[in-house]
Amino acid sequence: MLKAGVPASDPALVETIQNALSASTTEGYRPARSGGADIYETGIACMMLVNLDPAVYRPLIQSAASYLISKQKSNGAWDYDGRAGDTGDCSISQYAILGLWEAENAGVRIPPSVWERAARWYMSVQRGGGWNYHPDAPSQPTVSMTAAGTGSLLICKMQLAPYRKRRERTTSPLLIPLVPETDQADYRVGLSEAQLDQAIGQGIAWLARNYRPGQSNLFGLSTYYGLYGCERVGGLGNLTQFGSVEWFRVGSQYITANQAGDGSWNAMFETVPNTSWAILFLTRATEKTLERIQVERLGSGTLLGGRGLPENLENLTVAQGRVVVRPMNGAIEEMLSVLEDPRADEGESALAGLINRYFTSGPLALKPYKDRFRVLLVEGIPSQRLTAAWALARTGDLDVVPDLIGALEDRNDEVAATADYGLRLLSRSLDRNGLPPEADAEQKRAAAAEWQRWYDSVRPAIQVDPAISSGRN
């Protein structure tokens, strides 16, 4: 419900949250169930609390994360209590990792050894590129569990990356720690990125061969459960396709075709979980989490005068008494190449260089690259779309107005707000009322329609010569 945009004040959601926290106390989170179901429950609770209000619920998030860490087995997995074999359960482990990921995104410190041990376990039980529920069982891999394994490895890789980078650089002399760093700062990651990438790549290749919702018996107990796992792989891997398969289009078609008359979806585990998984897929829930992380890390801090320091502290310098990102020098072409690569470590420096070039050279510095910014505005991750909206507005050309009007309906509120400000800048109407904070989809559509009316009034549609439209040119 939260991922689908239901307000936290909605009566049904309020009741749901109260039920979910009924076993908890002021001292911490307490799962209502046990035996292994408690791990599912606690992982989902972390996800719920972080998306509800990470500041208000910080003590419960911390408590829930500590509970999950305490349940991790020595081999890195999570499992049902007392299960025969007891080697680990791919499904339970996936939900523990999801909960811990959301918790760490909200500021709860998760020891890096938790991520590395989990990654090592998943890699050790991968079979032919895929995963099954219980590695000690003879069952074949499924789409659901292969998505669980691949998605979990993508998360572990992401959470371990800062520890690799910390060892690869020295601390900026501009920053003096106010408190001693813990021994975690010196954590040495034993798994190489190449090892992780190989296992992740094999998982994606397996999904590409078997992603056929409704046409394959390899999805496991619930197709909707499997589809939510695949959405996670697509979002975390920034993938539009598994091989040649457009995973979101194919999955959406299956979900739409199988909705019941009362609005629900059903399979094994009954309607509530299956409907939840279907909605999480359709709303691209993982992408929403990634948008929040990306905007907080890069977009807001640099473009909107926001908060925080860049990840690469070696790019810091001092200007007019303030610590700022050192702008990248060189050609804009080079800066754009960095900005177009979501994996590049120099993103903050490239963006600072682009902004610096605009303020020294004006719109002419940006105009030759409008088409590349247009591509980023449509296809990029949130920080790239934010950059593109900012840059297009600063070209000063009215032909970018349709692009910015389209961006008003972006799922990310800060991208939409940046596009709205850009339109007010281009129209010379800065005093015009902008989008309200956290505008909903209807408000964004209304704003887009209003801006379209303005654009039509100042730049009427071009009349095409009938001879040209008939093919003569």
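**Ground rules.** I number residues from 1 along each chain as its sequence is written, and side-chain values use heavy atoms, with hydrogens and water left out. The model is predicted, so local features need pLDDT of at least 70 and side-chain atom pairs count only at pLDDT 80 or more, while totals for chains, interfaces and linings use all residues.

**Helix pair.** I looked up α8 (residues 223-236) and α9 (residues 247-257). Helices here are DSSP runs (H or I, at least four residues), numbered from the N terminus. Their axes lie 11 Å apart at an angle of about 155°. Axes are lines fitted to C-alpha atoms over the stretch in contact, and angles run from 0 to 180 degrees between N-to-C directions. I therefore log α8 and α9 as roughly antiparallel (over 145 degrees). The crossing of α8 and α9 is left-handed (the near helix is turned anticlockwise from the far one by less than a right angle).

Next I listed the contact (heavy atoms within 4.5 Å). From α8 come Thr223, Tyr224, Leu227, Cys230, Glu231, Gly234 and Gly235; from α9, Trp247, Gly251, Tyr254 and Ile255. By class I note 6 nonpolar, 4 polar and 1 charged residues. Nonpolar covers Ala, Val, Leu, Ile, Met, Phe, Trp, Tyr, Cys and Pro; charged covers Asp, Glu, Lys and Arg; the others, Gly among them, are polar.

**Salt bridges.** My rule is a side-chain nitrogen of Lys or Arg within 4 Å of a carboxyl oxygen of Asp or Glu. The count comes to 20. For accessibility I call a residue buried under 20% relative accessible area, exposed over 50% and partly exposed in between (1.4 Å probe, protein chains only).

*Arg83 and Asp136.* The closest N and O atoms are 3.5 Å apart. Arg83 sits in the loop between α3 and α4, Asp136 in the loop between α5 and α6, 53 residues apart. Arg83 is buried at 17%, whereas Asp136 is partly exposed at 38%.

*Lys367 and Asp397.* I read 3.3 Å between the closest N and O atoms. The loop between α13 and α14 holds Lys367, and the loop between α15 and α16 holds Asp397, so the bridge ties together parts 30 residues apart in sequence. Lys367 is partly exposed at 30%; Asp397 is buried at 18%.

*Asp410 and Arg385.* Here the closest N and O atoms are 2.7 Å apart. Asp410 is in the loop between α16 and α17, Arg385 in helix α15, 25 residues away. Asp410 is buried at 11%, and Arg385 is buried at 6%.

**Network.** I also traced a network of salt bridges linking Lys367, Lys370, Asp371, Arg374, Asp397, Asp399 and Asp403.

Technical notes: Helices (H or I, at least four residues) and strands (E, at least two) are DSSP runs, numbered from the N terminus. Angles under 35 degrees count as roughly parallel, over 145 as roughly antiparallel, 65 to 115 as roughly perpendicular and the rest as oblique.
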